[in-house]
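The sequence and structure are shown first.

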2 protein chains.
Amino acid sequence: MDERQALASFSALSQETRLQIVRMLVSAGPSGMPAGAIAEKAQVSPSNVSFHLKELERSGLITQKRESRSIIYSADYEALGSLIRFLMEDCCAGHPEICVPAAAVAPCCAPTMEGNANE
Amino acid sequence: MDERQALASFSALSQETRLQIVRMLVSAGPSGMPAGAIAEKAQVSPSNVSFHLKELERSGLITQKRESRSIIYSADYEALGSLIRFLMEDCCAGHPEICVPAAAVAPCCAPTMEGNANE
DNA sequence: TCAATTATTCAAGGATTGTTGAAATATGGA
DNA sequence: TCCATATTTCAACAATCCTTGAATAATTGA
């Protein structure tokens, strides 16, 4: 991830509604959620959610696909991982005391490492 | 780290000059840098750097201390680590495929783990 | 084709953020 | 005390971002 993309990602995550949407989509998993459901859950108007979804897509953190009348949005896990790596590489450079504690958390969400080719 | 602080941190990092300053301060290490040197290296005016430094401090990502006539700014490693953890916990929840690749990067900056009490 | 559903786009206005240069504040030395 | 240094604060303006509601577009079923 280059600096330009990192800036766009930070900008995308710096807004309450958008952060909420990202969390929502991550926990919704790969099947994603239609725009309408996102709007309802986030309690914002359709046009407003559309504005924020476009912003998030522009940053690369989410993707969309049409499915019949609905447009389904999903979190882009690879982009999220890249952003975490950016923060680690960038900010840890020469200073393990930053990212060692962060790394300690990683196992919490990696219960099945054996099946994981590191793509 | 709560959502409010995470939002402030993302907002702080979403501006080019400020991201540059954070990178600068992290690689400068615990001794930090005086405002003037930061301004010079970032090529912005004193008043402008002051504006951004205040923003970064408000987010908790950096700290300041006066030292004679200079004001020395340093990266707050703990805050940066917390932000990385926030992104991991938040975004990995139930989806190891996000943070496993990120975790794989961690060792790159942890060459001396033995001396590290995890504070 | 017509109506209903789902969602986006657009323009307008308000709110927030960023930049600039001048004035103010704090510190230390002559 | 007076001056130089290092930095911040302030006010004004420019730029960007967010919200709203109305209009538009795409899809499906009757």
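In this predicted model, helix α1 of chain A (residues 3-13) packs against helix α1 of chain B (residues 3-13) at an angle of about 145°. The axes of α1(A) and α1(B) lie 7 Å apart, and the crossing of the two helices is left-handed. Chain A contributes Leu7(A), Phe10(A) and Leu13(A) to this contact, where α1(B) presents Leu7(B), Phe10(B) and Leu13(B). By class, the contact of α1(A) with α1(B) comprises 6 nonpolar residues, with no polar and no charged ones.

The second topic is the surface near DNA strand C. It is made up of 20 residues, of which Gly36(A), Ser47(A), Ser50(A), Tyr73(A) and His52(B) are the closest. Of the atoms of DNA strand C that come within 4 Å of the protein, 67% belong to sugar and phosphate.

Both chains supply elements to this surface: α3 (35-42), α4 (46-59) and β3 (70-75) of chain A, and α4 (46-59) of chain B, each provide at least two residues. By class, the residues near DNA strand C are 6 nonpolar, 9 polar and 5 charged.

| Residue | Protein atom | Atom of DNA strand C | Distance |
|---|---|---|---|
| Ala35(A) | backbone N or O | phosphate oxygen | 3.2 Å |
| Gly36(A) | polar backbone atom | phosphate oxygen | 2.8 Å |
| Arg69(A) | polar side-chain atom | sugar or linking oxygen | 3.5 Å |

Notes: Residues numbered from 1 in each chain as written. Chains lettered and ligands numbered in written order. Predicted model: local features only at pLDDT ≥ 70, side-chain atom pairs only at ≥ 80, totals over all residues. Heavy atoms only, no water. Near = heavy atom within 4 Å. Polar contact = N/O pair within 3.5 Å; in protein donor to acceptor, adjacent residues only side chain to side chain. Helix = DSSP H or I, 4+ residues; strand = E, 2+ residues; numbered from the N terminus. Nonpolar A, V, L, I, M, F, W, Y, C, P; charged D, E, K, R; others polar. Axes fitted to C-alpha atoms, helices over the stretch in contact; angles between N-to-C directions. Left-handed = near helix turned anticlockwise from the far one by under 90°. Contact = heavy atoms within 4.5 Å.
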